[in-house]
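Colleague: I am new to this one. Could you show me how to read it, feature by feature?

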Amino acid sequence: PKFQRVDFTVEYYALSVPLSNDLLADATAGLMSYLANWMGRKSVLTENINLLALLASLSATDIAAGEEIKGIKTALNTGLDPSISQTASILTNQSGYNVLDNLTDTNGRGLLQPDPTQPRRMLLSGRPIIVLSDSILANDSEKAPVYLGDFSQFGTLIRRQNMELATTNIGGDAWGTNSTEARAIMRMDEIKTDSAAVVKRTLPLTGADT
């Protein structure tokens, strides 16, 4: 193996939420537990958005209407190294998934197949399909993005501090406002490790049932 130096810049990501002490005293629905869960999901969303930003640097190849399956199979067969293709996943948004999910064979049967180990997840050419909302992974005009490859090899999330949740009722403005301040903070960076591990294709949406 060959090694090289990898530079990264750790950044802080933080969020502060003020809570009324009266509300905390009167609430019976586990407000702090709900807030901790909400901030946990927020941290995962932040990590995913940062990792998606790495994919934005990839150049896209358009797949023509009616050639969706052929185009994706060609990308898996020739666009990726065979070892990468074997562990590849397919990442798209709601619009792209809708195009793929409506493709049928000559007998009217859907071309996507359920994963036997996870029936709610669909497979295409044996690769799992990961679906994100259009609001997170946006369309490009009348085209839906499709990423194919091994995302664990494409990019790395460098966590220097996992999300830490802390509260205070005496620091900041909490004392003067009779409130409790909840703060979540984490430190991380994301870097591209193997730019050849993922390729980008786009599916036409014109005429698709969206």
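Colleague: Let me start with A144. Is A144 buried or exposed?

Modeller: This is a predicted model, so what I tell you describes that prediction. The idea is to look at the relative accessible area: under 20% counts as buried. A144 has 0%, so A144 is buried. A144 sits in strand 7.

Colleague: Which residues does A144 touch, leaving out those up to four places away in sequence?

Modeller: The list is N93, S95, G96, N139, R201, T202, L203 and L205. For a sense of distance, take N98, which is 46 residues from A144 along the chain. The C-alpha atoms of A144 and N98 are 9.9 Å apart.

Colleague: And what about D173, is it buried or exposed?

Modeller: Over 50% counts as exposed. With a relative accessibility of 56%, D173 is therefore exposed. D173 belongs to the loop between strand 8 (155-168) and helix 7. If neighbours within four places in sequence are set aside, D173 is in contact with S179 and E181.

Colleague: How far is D173 from T156?

Modeller: They are 17 residues apart along the chain, and their C-alpha atoms are separated by 37 Å.

Colleague: How should I read a nonpolar core?

Modeller: In soluble globular proteins, nonpolar side chains tend to be buried together. Here the largest nonpolar core has 33 residues, and L55, I72 and L148 have the most contacts inside it. Several elements give two or more residues to this core: helix 2 (31-55), helix 3 (68-79), strand 3 (89-93), helix 5 (94-101), strand 5 (118-124), strand 7 (143-149) and strand 10 (198-204). Another core lies apart from it, with 6 residues, among them V17, L35, M39 and A182.

Colleague: Which residues does I72 touch, again not counting those up to four places away?

Modeller: I72 touches I63, I90, L100, L124 and L148.

Colleague: What should I look for in the backbone angles?

Modeller: Most residues other than glycine have a negative phi. Two cases here go the other way. S125 has a positive phi, near 55 degrees, and N178 has a positive phi of about 50 degrees.

Colleague: Where do S125 and N178 lie?

Modeller: S125 is in the loop between strand 5 and strand 6 (127-132). N178 is in the loop between helix 7 (174-177) and strand 9 (179-192). S125 counts as partly exposed because its relative accessibility is 32%. N178, at 42%, also counts as partly exposed.

Colleague: Now the whole protein. How many helices and strands are there?

Modeller: The protein has 7 helices and 10 strands. Of its 210 residues, 36% are buried.

Colleague: How do I read the contacts along the chain?

Modeller: Ask how far apart in sequence the partners are. Among contacts with a separation of 6 or more, 77% are between residues 24 or more positions apart.

Colleague: And the surface and the charges?

Modeller: The accessible surface is about 12,800 Å², and carbon and sulfur atoms account for 50% of it. There are 18 positive and 23 negative side chains, with the centres of the two sets 7 Å apart.

Terms used:
Residues are numbered from 1 along each chain as its sequence is written. This is a predicted model: local features need pLDDT of at least 70, side-chain atom pairs count only at pLDDT 80 or more; totals for chains, interfaces and linings use all residues. Side-chain values use heavy atoms; hydrogens and water are left out. A nonpolar core is a set of buried Ala, Val, Leu, Ile, Met, Phe, Trp, Tyr and Cys residues joined through side-chain atoms within 4.5 Å. Buried means under 20% relative accessible area, exposed over 50%, partly exposed in between (1.4 Å probe, protein chains only). Helices (H or I, at least four residues) and strands (E, at least two) are DSSP runs, numbered from the N terminus. Contact means heavy atoms within 4.5 Å. Accessible areas come from the Shrake-Rupley method with a 1.4 Å probe; for residues, only the protein chains shown count as cover. Lys and Arg count as positive and Asp and Glu as negative; His and the chain ends are not counted. The place of a charge is taken as NZ of Lys, CZ of Arg, CG of Asp or CD of Glu.
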